Amino acid sequence: MSDSFSSTSFDNNDKQKGIESELQDLLETEKTQMEFNSKLHEFNSICWDVCVDRPSPKLESKTEKCLKNCVDRFIDTSLFITTRYAQMLQKSL
């Protein structure tokens with residue numbers, strides 16, 4: 001009888017650890033998504049200040065192109081820095 005209790009106890013502990021692991025993964029995913037959205041908002045804000053002279057009901061093609069290029073450069077730069085940092089970390093291991 002004690003063997004079945006011990007087995008059940010281990011099974012419950014394994015299930016709890018699995019649930020905790022899944023929850024941690026979900027939290028990490030949400031955190032990453034939140035950070036990405038925050039950065040994108042920051043990029044858009046900076047690019048808006050750089051590209052938009054005065055607000056109007058419709059974006060001029062010049063303004064739209066400036067905004068797109070500005071955000072694209074920020075994303076390219078962020079990816080470059082992230083990749084470079086990852087390479088540096090791998091070399092130090």
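**Salt bridges and helices in a predicted model**

Colleague: What is the relative accessible area of D72?
Modeller: D72 is partly exposed, a class between buried (under 20% relative accessible area) and exposed (over 50%), found with a 1.4 Å probe on protein chains only. The model is predicted, so local features need pLDDT of at least 70, side-chain atom pairs count only at pLDDT 80 or more, and totals for chains, interfaces and linings use all residues. Residues are numbered from 1 along each chain as its sequence is written, and side-chain values use heavy atoms, without hydrogens and water. For D72, the relative accessible area is 25%.

Colleague: Which residue forms a salt bridge with D72?
Modeller: A salt bridge places a side-chain nitrogen of Lys or Arg within 4 Å of a carboxyl oxygen of Asp or Glu. Here the closest N and O atoms are 2.7 Å apart. The partner of D72 is K68.

Colleague: Which residue pairs with R73 in a salt bridge?
Modeller: The closest N and O atoms of this pair are 2.6 Å apart. The partner is D76.

Colleague: In which helix do E42 and K39 lie?
Modeller: Their side chains meet in a salt bridge at 3.5 Å, N to O. E42 is partly exposed at 36%, and K39 is partly exposed at 43%. Three residues apart, about one turn, E42 and K39 both lie in helix α1.

Key
Helices (H or I, at least four residues) and strands (E, at least two) are DSSP runs, numbered from the N terminus.
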